[in-house]
Amino acid sequence: MKGRFNMKKWIALLTGLSLIMTLAVFAGTGMAEEETAGETAAPLSDTLVVYFSATGNTETAANLIAEATGADVFVLEPAVPYTDADLNWTDENSRVVHEHDNPDNRHVELTADTVENWQQYDTVFIGYPIWWGIAAWPVDTFVEANDFTGKTVIPFCTSASSGFGESGTLLAELAGTGDWLEGHRFSSRVTAEDVQAWLDELSL
């Protein structure tokens, strides 16, 4: 009897331990689910940096602005990319010279000209190189394709020597919507310090 009693006791003990372990596993899973459910998703950015870059200078400026403001980035990519030869403005037969001399040919198709979740952005930076004193025309395609109502739009450009000129004003007129602020020119050697100084002036 004593042997049988001990055996039953051990069986009962093992069964109890197994039950406790099973409950612990379920409880742990429940806690993990609760923790996952309680996690807060990262807030969506309300700032977007849109840019077209021909030689990389505007890309540098755009990325520095995005890093400093926590903005999302949208790159304007021509469906037919510009080659180095295309960008040679000293060659009268190059693509950019032909487009400059023939305004009807300046409409540059982009791989994408609209932004997903466009409505979530309150502030939009738009960057471009200066071509013949105006914004590089691939940017025009994007501006024409979007409604900037309710958005603060801040243009910026890069150039070796040309000034900002009327590039921002012309884009604002092309858009017809949005609150366009005065733009800013960065040199082709733009730095993080340059960008931050400008953002401080904008109180961003």
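Is Trp 132 buried, partly exposed or exposed? Trp 132 is partly exposed, because its relative accessible area is 39% and that class lies between buried (under 20% relative accessible area) and exposed (over 50%), with a 1.4 Å probe and protein chains only.

1. **Basis.** This is a predicted model, in which local features need pLDDT of at least 70, side-chain atom pairs count only at pLDDT 80 or more, and totals for chains, interfaces and linings use all residues. Residues are numbered from 1 along each chain as its sequence is written, and side-chain values use heavy atoms, with hydrogens and water left out.

2. **Confidence.** pLDDT is the predictor's confidence in each residue, from 0 to 100. The chain has a mean pLDDT of 85. Of its residues, 79% reach 70 or more. Residues 1–5 stay under 50 and have zero contacts beyond four places in sequence; a contact means heavy atoms within 4.5 Å. Where pLDDT is low, the predicted coordinates should not be read in detail.

3. **Helix 2, length.** Helices (H or I, at least four residues) and strands (E, at least two) are DSSP runs, numbered from the N terminus. Helix 2 covers residues 57–69, 13 residues in total. The expected span is 1.5 Å times one less than the number of residues, so helix 2 should span 18 Å. Its end C-alpha atoms are 19 Å apart, which agrees. Gly 70 follows helix 2, with a positive phi near 70 degrees.

4. The buried residues are Thr 58, Ala 61, Ala 62, Leu 64, Ile 65 and Ala 66. Their cover includes strand 1 (47–51), strand 2 (72–75), strand 3 (123–131), strand 5 (152–159) and strand 7 (184–187). Helix 6 (192–202) is also part of that cover.

5. **Ala 68.** This residue sits in helix 2. Ala 68 counts as partly exposed because its relative accessibility is 40%. Leaving aside neighbours within four places in sequence, Ala 68 is in contact with Gln 196 and Leu 199. Ala 68 and Ala 192 are 124 residues apart in sequence, but their C-alpha atoms are 8.4 Å apart in space.

6. Two residues deserve a look. Trp 132 has phi near 50 degrees, positive in a residue other than glycine. Trp 132 lies in the loop between strand 3 and strand 4 (134–135). Asn 117 has phi near 60 degrees, again positive in a residue other than glycine. Its loop runs between helix 3 (95–101) and strand 3. Asn 117 counts as partly exposed, at 49% relative accessibility.
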